[in-house]
Amino acid sequence: MTQARRLSLAGWPYERIAAHRGAGVLAPENTFSAMRLAHQLGVRAVEFDVMLAADGVPVLMHDPQLGRTVPGVGDIDSIPSAVLANMDAGSWFDVRYRGEGVPLFVELAQWLQGHGIWMNIEIKPFPGRERDTGQVVGQLTQALFQHVLDPAKRPLFSSFSPIALSAAREAAPGIARGLLVGEVPADWLAQLQALDCVSLHCRHDKLNAGLAAQIKAEGYGLLCYTVNEPVRARELFSWGVDCICTDRIDLIGADFR
């Protein structure tokens, strides 16, 4: 039985609210401080981006180049993880976070696991490194969760890259996958089936009630990003959306209804 079929029979096993890149707009994204703040606010699920540094070590990073959240010039693919860990990923947000480093994926995942926080791990490969990023992140995640038998407590991979998801599937068959898209493509069902995904993750403003109903009727989970208005969140849930990813965990908290 495929993972998607098991999900359709059991229903969405994960949390309904996930904090986008940690605490979204409340702390510097993809940092330990963002994750700690989410935890302090009672959030039970986070989404974050993982990319390989020059030495093949996965780190939390959204952009392929320095400049927006970490000062400097250069490709993330060309900088060793130990150097990134000591760079300033916090000052861009607020001087209070000066010296906040780029987290190593394994260290952060262990911290989240220890605090009972569910993870949507977005595999965000540097261009040209899709397969090895999926493979490395898959292998490390499989090792971290090899003794976790409850599917609801295992992470969920997601990616815009089918190549990365395919590699993660080979490396970590026990970790479920979701396909990330902007607008839902016409062949969404074929893509989900090809990768044995359990869910489709799309932009909330590219979804309508009819399309949501079609996706749910096929037995797939449905996650929408990035939802920051409570009224919109309630509308999406009324359409059958299973989970929303939000920057505003102060407005749309873990127990939001």
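# Briefing on pockets, helices and loops

The second largest pocket of this predicted model has a volume of about 200 Å³, where a pocket is an open set of points on a 1 Å grid over the protein atoms alone, with protein on both sides within 12 Å along at least five of seven lines. Its volume is the space filled by probe spheres set on the points, which are joined across faces, edges and corners. Because the model is predicted, local features need pLDDT of at least 70 and side-chain atom pairs count only at pLDDT 80 or more, while totals for chains, interfaces and linings use all residues. Residues are numbered from 1 along each chain as its sequence is written, and side-chain values use heavy atoms, with hydrogens and water left out.

**The second largest pocket**

- The lining of this pocket is made of 14 residues, and those nearest its centre are Gly-116, Ile-117, Trp-118, Ala-152 and Lys-153; lining residues have an atom within 4 Å of a point.
- Two or more residues of that lining come from each of helix 4 (105-114) and strand 4 (118-123), helices (H or I, at least four residues) and strands (E, at least two) being DSSP runs numbered from the N terminus.
- Sorted by class, the lining of the second largest pocket has nine nonpolar, two polar and three charged residues, where Ala, Val, Leu, Ile, Met, Phe, Trp, Tyr, Cys and Pro count as nonpolar, Asp, Glu, Lys and Arg as charged, and the others, Gly among them, as polar.

**The cavity**

- When the whole structure is searched, one cavity of 30 Å³ or more is found, a cavity being a set of points where a 1.4 Å probe fits but cannot get out.
- The largest cavity has a volume of about 60 Å³, and its lining has five nonpolar, four polar and one charged residues.
- Among the residues that line the largest cavity are Glu-29, Asn-30, Leu-60, His-62 and Pro-103.

**Asn-30 and Arg-21 in one loop**

- Asn-30 is placed in the loop between strand 1 and helix 2, and Arg-21 lies in the loop between strand 1 (17-20) and helix 2 (32-40).
- Most residues other than glycine have a negative phi.
- Phi of Arg-21 is near 55°, a positive value, and phi of Asn-30 is likewise positive, near 55°.
- Arg-21 is buried, with a relative accessible area of 15%, and Asn-30 counts as buried at 3% relative accessibility; buried means under 20% relative accessible area, exposed over 50%, and partly exposed in between, with a 1.4 Å probe and protein chains only.
- Not counting residues up to four places away in sequence, Asn-30 touches several residues, including Arg-21, Phe-48 and Met-61, where contact means heavy atoms within 4.5 Å.
- The side chains of Asn-30 and Asp-49 make a polar contact at 3.1 Å, which is a pair of N or O atoms within 3.5 Å; within protein, one must be able to donate a hydrogen and the other to accept it, and residues adjacent in sequence count only if both atoms are side-chain atoms.

**Helix 2**

- The buried residues in helix 2 include Phe-32, Met-35 and Leu-37, and what covers the buried residues of this helix includes strand 1, strand 2 (45-52), strand 3 (58-60) and helix 4.
- Just after helix 2, Gly-42 takes a positive phi of about 90°.

- In helix 8 (residues 209-217), the residues Leu-211, Ala-212 and Ile-215 are buried.
- Seen down the axis of helix 8, its buried residues fall within an arc of 100°, so they line one face of the helix; the arc is that of the directions from the helix axis to the C-beta atoms.
- The cover over the buried residues of helix 8 includes helix 7 (188-194), strand 7 (199-203) and strand 8 (221-225).
- Tyr-225 and Thr-226 are joined by a cis peptide bond with omega about -25°, and Thr-226 has its place in the loop between strand 8 and helix 9 (230-238).
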